[in-house]
Amino acid sequence: MATATAGRLRIPSEANTAAWFFLAPALALIGIFFFLPVAAAMLLSLTDFDLYGIANPGNTRFVGFENYSRLLRTPDFWLALRNTFYFAFVGGPLTIAVSLGAALLLSSKLVRFKGVFRTIYFTPFVTTLVAVAIVWRYLYHSRYGFFNYALSYFGVGPIDWLGDPHWAMPAIILMAVWKSFGYNMLIFIAGLQAIPEELYDAAAIDGASPFRRFWSITLPMLSPTLVFVTVITMIGYFQLFAEPYVMTQGGPLRSTTSVVLLMYEEGFRWWRMGYAAAIAFVLFIVILLATLVQFRLQKERA
Amino acid sequence: MTAITSGERANSAGRRDRFIRALLYALLVIGAIMALLPMAWMVSASLMPAGEASSFPPRFFPTRVTFSHYVDLFTRLNLGRYLLNSAFVAFVVTLSSLVINSMAGYAFAKLRFRGRDRLFRALSTGLVLPVQVAMLPLFLLLKNLGMINTYWGVIIPGLASIFGIFLVRQYALAIPDEMLDAARVDGASEFRIFRSIVVPGIVPILATLAIWTFLATWNDFMWPLIVLSDESRYTLPVALANLAGEHVQDTELMMAGSVITVVPVMLVFLFLQRYYIQGVMAGSVKG
């Protein structure tokens with residue numbers, strides 16, 4: 001007993017040193033290679049750092065908010081922002097709807113082989129984005145692609161999916177829905193399992209229709225899950241990059257140039273890094289605002 | 001009389017259930033076909049003779065199976081090299097992430113030190129920071145360290161991850177304090193406690209972390225694209241995107257390249273999906 005007490009008294013100080021020993025590698029790496037660059041990006045966005053700056057940092061001047069004001073005057077930036085919003089605000093809800101639909105199907109008591117279907121639906125999510133983007137580029141081919149072939153059965157004329165500025169973004173959205181709905185689906189399935197069965201039994205006794213049960217029990221009970229799924233889907237979708245890079249190179253007529261693609265081009269193709277850092281920060285602010293709005297909405301409803 | 005009615009009612013309910021069940025299965029099967037079709041066509045087209053995947057009407061099955069595109073990729077287009085690059089990068093990142101994140105996750109969960117919770121909260125804010133914000137200065141930093149266009153430039157930002165620490169911490173919280181204290185009373189060092197009590201106790205979450213990290217690193221595109229300029233160091237996704245630009249017309253060749261890129265992650269996922277899915281669930285708990 002006495003030794004145990006002595007032992008317990010000894011713990012804190014020793015654990016303290018040990019703790020820092022365990023933490024040091026992770027904190028150092030994340031600090032130096034993540035938090036430090038994020039902070040530096042803020043400073044970078046206030047300079048005219050470019051190719052000359054890379055050659056000699058002495059060529060860099062502090063320009064205040066000039067990058068930001070130039071950004072707001074550049075039509076290409078507004079276009080990229082519009083494209084990104086289009087992708088996130090159409091693709092996001094669509095992905096969530098498909099995920100929820102799939103989760104509801106797989107939660108039905110009437111269905112068996114759930115594990116098999118779940119695995120199949122989840123498979124697109126684990127695949128390599130670049131590889132599937134290339135595959136879909138051929139599926140969307142205006143002459144040889146399967147999409148137009150299938151549509152021709154319905155009398156729909158050939159669509160130049162990736163070559164027409166009106167269709168390129170919808171095509172990318174469709175692929176993104178296919179690629180990522182499985183992830184949200186799994187989270188929804190877990191959320192649905194957590195809803196107590198008694199609620200449905202009580203509703204059934206009251207004679208509530210399936211639609212009514214979904215609207216008054218499932219949806220409200222699922223709302224924390226829904227907020228989480230919405231937040232992570234939107235954060236991910238605002239970072240659209242590889243799909244347009246591989247499938248359209250941001251075209252046609254820049255109709256699929258996203259904010260991150262614009263940042264990549266400005267920063268790593270033209271080396272206007274100060275300007276690109278300003279783009280990155282606008283992206284960060286957009287993501288932050290969207291996240292805060294969603295949490296606020298959730299709080300209001302609760 | 002009553003018995004008959006209720007029997008009839010049960011019968012009609014049974015019929016309705018059968019109808020709904022058929023409908024549900026129809027939807028599920030259609031969904032499964034749509035989920036698998038692009039992948040199936042990718043595999044099938046990779047086996048077609050050159051030019052066949054670009055014919056009208058589109059073909060789903062090859063007239064004649066050929067492996068010539070795979071041979072081409074490995075002999076003429078250096079794909080073996082890219083495969084090794086990807087494997088090396090993913091392997092190193094996974095291994096280091098296992099060691100470093102599990103140590104930190106354990107410390108946040110079980111060791112008592114000043115400012116622990118505040119530090120953890122500060123670290124968590126990093127989860128909402130888009131990685132792209134860090135990329136420009138990180139590039140300049142690594143350039144000064146001479147790590148641009150090296151494997152290390154790709155590897156270093158992945159060595160530790162906030163998500164990984166989160167994952168381990170969540171799991172390690174369940175380790176009973178009495179067990180650790182008992183070992184301390186017996187005079188075991190903190191490192192020994194970690195190695196022989198903590199690590200065996202968190203093996204399932206380490207499996208999750210390993211698979212999650214491996215797949216994310218294997219699939220990663222933007223950062224390797226930025227860091228690597230020398231073709232011989234390309235990872236598979238970067239090499240594939242590069243090939244797709246040069247060989248737009250060679251549909252079958254590109255499909256073979258996609259198969260080689262996707263198959264390793266598919267295999268890892270199919271065999272270890274239980275652990276992978278656990279990662280999805282653990283991720284959703286943090287919300």
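Predicted model: local features only at pLDDT ≥ 70, side-chain atom pairs only at ≥ 80, totals over all residues.
Residues are numbered from 1 along each chain as its sequence is written, and chains are lettered from A in the order in which they are written.

Helices here are DSSP runs of H or I with at least four residues, numbered from the N terminus. Among the buried residues of helix 5 of chain B are B:Gln132, B:Met135, B:Pro137 and B:Phe139, buried meaning that 20 or more other C-beta atoms, placed from the backbone, lie within 10 Å of the residue's own. Just after this helix, B:Gly146 takes a positive phi of about 70°.

Turning to the domains of chain B, the assignment, which is automatic or from a database, gives domain 1 (2–46) and domain 2 (68–285), and their C-alpha centres lie 39 Å apart. Four residues of domain 1 are in contact with seven residues of domain 2, contact meaning that the C-beta atoms of two residues, placed from the backbone, lie within 7 Å.

Finally, the contact between the chains takes 77 residues from chain A and 75 residues from chain B, and on the side of chain A that touches chain B, helix 1 (residues 2–44) gives the most, with 25 residues.

Notes
Helix = DSSP H or I, 4+ residues; strand = E, 2+ residues; numbered from the N terminus. Buried ≥ 20, exposed ≤ 12 C-beta atoms within 10 Å, placed from the backbone.
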